[in-house]
Amino acid sequence: MEQINGLIFFFMAILIGYFATKTRLLPQETVDVLSAVLINICYPAMILDTFTHIDTQALLHTGLPVALATLGVTVMLFLAALWLFRKQPTQRRPLLCMMIGIGNTSYVAIPLLSVFLPAAGMFVAIINSAVQDILIWTLYHPLFLGSGTKDRKALLRKIFTSPCLIAAIVGVVLAACRVTLPSFLQITVSRLSDTTAPVALLFLGALICRHGIFSWRKDRLAIVYSLAKVLVLPLAVYVILQFFLPTSTTLLLAVLFASPAPLTAVVWSKIYDSDEQFAVNGCISSTMLYLVVASAALYLFSQMGLL
């Protein structure tokens with residue numbers, strides 16, 4: 001019953017964000033601020049809160065294999081996409097590569113997983129997200145630039161000043177050294193962490209309203225992409241990783257790799273004169289499909305005791 005109520009909350013929060021934006025109770029400039037609040041405050045707090053509840057044994061036995069699996073699968077997808085889309089138009093190729101290998105973990109997958117998993121269970125999602133954040137800037141950003149990143153100092157500064165990565169590093173040190181935060185600081189971090197899912201879901205609803213819930217219907221490539229990303233890719237990931245990781249971890253990683261096109265792809269398609277309309281259509285269609293498929297899969301897995 002608790003999971004059903006959590007799932008209802010998940011969709012209700014998205015609807016509230018959608019209609020609040022539709023009726024202009026949530027102005028567009030406020031929507032833009034929400035993403036900064038999430039990335040710079042809520043997610044770092046959630047990451048730090050999760051690591052403070054993880055012991056050293058879990059960090060080594062779960063965290064390291066998840067990081068290596070995420071790294072391996074993402075790099076494989078990157079190389080496969082380069083070959084698969086080699087004949088695509090130049091302005092669309094980087095976009096397709098990124099939308100295959102990277103998912104919208106922060107704004108869609110993690111809020112959905114929080115409905116079904118305890119705080120400790122979110123550890124896999126956070127490790128997966130942290131590794132992919134690094135790969136976004138080291139693999140995919142140079143691809144958008146074409147000739148590679150010229151200002152490597154700026155790139156490194158962008159990576160290592162990320163609040164989420166800093167929080168992950170601090171969290172690893174605290175967990176490894178078994179250091180606990182002072183009670184007042186732990187409460188602050190936990191309360192900020194609790195705001196992550198509601199704010200992310202409101203933001204997601206606002207974005208769906210902004211770009212149009214049915215903007216993708218006539219875009220055949222966006223539909224094919226969504227089916228491949230949400231249905232085919234997770235099956236392939238599961239088949240590969242089941243030989244190396246426990247079943248629960250493999251299922252979670254499959255769900256994470258199925259997550260829809262990242263919002264970064266939409267932003268970069270606009271900045272670098274890529275196929276912005278396809279980016280929007282692919283993001284919305286894959287998000288809608290993922291919400292339905294992943295919700296059903298997570299509910300089924302949890303009822304079967306696999307998660």
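Trainee: How much space lies in the largest cavity?

Mentor: About 70 Å³ of space lies in the largest cavity, where a volume is the space filled by probe spheres set on grid points joined across faces, edges and corners. This is a predicted model, in which local features need pLDDT of at least 70 and side-chain atom pairs count only at pLDDT 80 or more, while totals for chains, interfaces and linings use all residues. Residues are numbered from 1 along each chain as its sequence is written, and side-chain values use heavy atoms, with hydrogens and water left out.

Trainee: What makes a space a cavity?

Mentor: On a 1 Å grid over the protein atoms alone, a cavity is a set of points where a 1.4 Å probe fits but cannot get out, and lining residues have an atom within 4 Å of a point. The lining of the largest cavity includes Leu204, His211 and Thr287, and helices H10 (196-211) and H14 each supply at least two of its residues.

Trainee: Why is Leu231 called partly exposed?

Mentor: Buried means under 20% relative accessible area and exposed over 50%, with partly exposed in between (1.4 Å probe, protein chains only); Leu231 has 36%, and is therefore partly exposed. Leu231 lies in helix H11 (residues 220-241), helices being DSSP runs of H or I with at least four residues, numbered from the N terminus.

Trainee: Where does H14 bend?

Mentor: H14 bends by about 25° at Tyr290, the bend being the angle between axes fitted to the seven residues ending there and the seven starting there.

Key. On a 1 Å grid over the protein atoms alone, a cavity is a set of points where a 1.4 Å probe fits but cannot get out, and a pocket is an open set with protein on both sides within 12 Å along at least five of seven lines; lining residues have an atom within 4 Å of a point.
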